[in-house]
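Work through the exercises below with the sequence and the model open beside you, and try each task before reading its solution.

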Amino acid sequence: WGCYATQAIHIAGVDNTRADFLSRITSAPLELALAPSVLLPLFYRWGFPQIDLFATYLNAKAPLFCSRAGVGPGSLGDAFQLRWREGLLYAFPPIQLLNKVAYKVLGDNPHMILIAPYWPRQPWFPILESRSQGEWVHLPMRPNLLDGVLPSQLELAHLKLTAWHIKPV
């Protein structure tokens, strides 16, 4: 029998990209995506986006995407670090980021398809309403609307998901 010793060492993520990538994968319940059967009619109506602002390489709805993890072919990094001015954008951000998204819309004046709840009492709602100039669609409430898992405290009926066609002013 031989005697073996093991030692743990740190390898920087840039030198160990596979392990770094795998360590960033989460089954975060708020990583939701619209089912293609719901999304494609919106794209045919308003256009196909060039960049998905809140995605992973697994659920991106455009050739390029932004991801906080910044990994995967096509990733442009964190969406809030980009200027939202080039071409048609798509965004289905986590609900807790909608205030930040609304202020980014005010600052960057983008052309985008934004998926967000229809919640008139939220501070971000008037921004979406004014920038969409009345062009929005309530998404159908059906079991296969979303790919992903809703957090237990949220119900699909309470989300009242809406597609907003945000246009530059």
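**Exercise 1. Find what share of the contacts in the protein with a separation of 6 or more joins residues 24 or more positions apart, and describe the overall make-up of the chain**.

Step 1. Residues 24 or more positions apart account for 64% of the contacts with a separation of 6 or more, where contact means heavy atoms within 4.5 Å.

Step 2. This is a predicted model, in which local features need pLDDT of at least 70 and side-chain atom pairs count only at pLDDT 80 or more, while totals for chains, interfaces and linings use all residues. Residues are numbered from 1 along each chain as its sequence is written, and side-chain values use heavy atoms, with hydrogens and water left out.

Step 3. The protein has five helices and eight strands, which are DSSP runs numbered from the N terminus (helices: H or I, at least four residues; strands: E, at least two). Their order from the N terminus is α-β-α-β-β-β-α-β-α-β-β-α-β.

Step 4. Of the 169 residues, 40% count as buried, a term that stands for under 20% relative accessible area, whereas exposed means over 50% and partly exposed lies in between (1.4 Å probe, protein chains only).

**Exercise 2. Decide which residues of helix H4 are buried, and explain why they line one face of the helix**.

Step 1. In H4, which spans residues 125-132, the buried residues are Phe125, Ile127, Leu128, Arg131 and Ser132.

Step 2. Viewed down the axis of H4, these buried residues fall within an arc of 165°, so they line one face of the helix; the arc is that of the directions from the helix axis to the C-beta atoms.

Step 3. Their cover includes helix H3 (98-108) and the strands S5 (111-117), S6 (136-138) and S8 (161-166).

Step 4. Just after H4, Gln133 takes a positive phi of about 50°.

**Exercise 3. Identify which members of the largest nonpolar core touch the most other members, and where its residues come from**.

Step 1. A nonpolar core is a set of buried Ala, Val, Leu, Ile, Met, Phe, Trp, Tyr and Cys residues joined through side-chain atoms within 4.5 Å. The largest has 23 residues, of which Leu53, Phe54, Trp84, Met112 and Leu114 touch the most other members.

Step 2. Strand S4 (88-91), H3, S5, H4 and S8 each supply at least two residues of this core, and the largest share, four residues, comes from H3.

Step 3. Leaving aside residues up to four places away in sequence, Leu53 touches Cys66, Ala79, Trp84, Leu89, Tyr90, Ala91 and Met112.
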